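The following paragraphs lead through the structure shown below, from the chain as a whole to its sheet, its helices and the surroundings of its ligand.

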Amino acid sequence: MELINETLHKYCELHTKVFENDVLNEIDRFTNLNVLMPQMLSGYLQGQYLAMMSKMIQPKNILEIGTFTGYSAVCLAQGLQDEGHLYTLEANEELKAPVTDFFKKAGLEEKISMQIGNGVELIDKFDIIFDLIFIDADKSNYPLYYEKCLPKLKKGGIILIDNVLWSGKVCEEPIKDKKTKAIHELNQRIQQDDRVENLLLPLRDGMMWVRKR
Ligand SMILES: C[S@@+](CC[C@H](N)C(=O)[O-])C[C@H]1O[C@@H](n2cnc3c(N)ncnc32)[C@H](O)[C@@H]1O
């Protein structure tokens, strides 16, 4: 299900300008030519949205779960404080070399660390309180990521969760597949969670904003 038609989407892109970085175009090209499921990439509009949000928050520490080809990490890093750092977790080892190269080209090699492994386990190793967390990995583990991330988020900090509308499948009844069930369960859990304020934005495939009280 398209949340916005192609013409309007193009119009929005044509009227969105936040920061210039040639590496983003290179990541986009590389992803479309060399990587399976290139549609997982955040893309121009959502990427600029993430950059803008990060610039507003000015985080010291960012955690991202689901690096893919590094597009969203480069965008999120735009708002980091001078001494700030972004930690990004990715299960697919094959992405390590090209993505490390992209971070270097973006001048972000000192600001971003990419760790390869299962995000569910890697989160436990962090003894850091984050200002901003972006959850964008395996959907079946979304509720688990949320519960593991919330204690590592500072008061007033933000968790952004991508794909929470899952192409509209969260509205189907009954929900049949495991991924959609996990996403819907998380949306409901957040809605009932007194520890947070939240906003589900119909941006691209749905972006949940969670602010820790
Ligand atoms: C939707 S893509 C991320 C897109 C990226 N954030 C962007 O916006 O360009 C999801 C990524 O999560 C990774 N992934 C899946 N399961 C994972 C896990 N258990 N731990 C860490 N990464 C995982 C996939 O390999 C994939 O690269």
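A residue is called buried if 20 or more other C-beta atoms lie within 10 Å of its own, exposed if 12 or fewer do, and partly exposed in between, with C-beta atoms placed from the backbone. By this criterion, buried residues make up 37% of the 213 residues in the chain. The model is a predicted one, in which local features need pLDDT of at least 70 and side-chain atom pairs count only at pLDDT 80 or more, while totals for chains, interfaces and linings use all residues. Residues are numbered from 1 along each chain as its sequence is written.

The secondary structure of the chain comprises 8 helices and 7 strands; these are DSSP runs numbered from the N terminus, helices being H or I of at least four residues and strands E of at least two. The radius of gyration of the chain, taken over C-alpha atoms, is 16 Å, close to the 17 Å that the globule rule (2.2 Å times the number of residues to the power 0.38) gives for 213 residues, so the chain is as compact as a globular protein of that length. Its C-alpha atoms fill a box of roughly 45 × 45 × 30 Å along the principal axes.

Strand β1 (residues 61-65) runs parallel to β2, and 5 bridges join them. Within this pair, Ile62 has Leu86 of β2 as its bridge partner.

Axes here are lines fitted to C-alpha atoms, for helices over the stretch in contact, and angles run from 0 to 180 degrees between N-to-C directions. Helix α7 (residues 142-149) packs with α8 at an angle of about 35°, their axes being 8 Å apart. Tyr142, Pro143 and Tyr146 of α7 meet Ala182, Ile183, Glu185, Leu186 and Arg189 of α8, where contact requires C-beta atoms, placed from the backbone, within 7 Å.

Around the ligand are 18 residues, of which Ser42, Gly66, Phe68, Ser72 and Gly119 come nearest; a residue belongs here if its C-beta atom, placed from the backbone, lies within 6 Å of the molecule. Two or more residues of this shell are given by each of α4 (71-76), β2 (85-90) and α6 (119-122).

Definitions and conventions:
Two strands pair if DSSP finds at least two bridges between them. Two residues are in contact if their C-beta atoms, placed from the backbone, lie within 7 Å.
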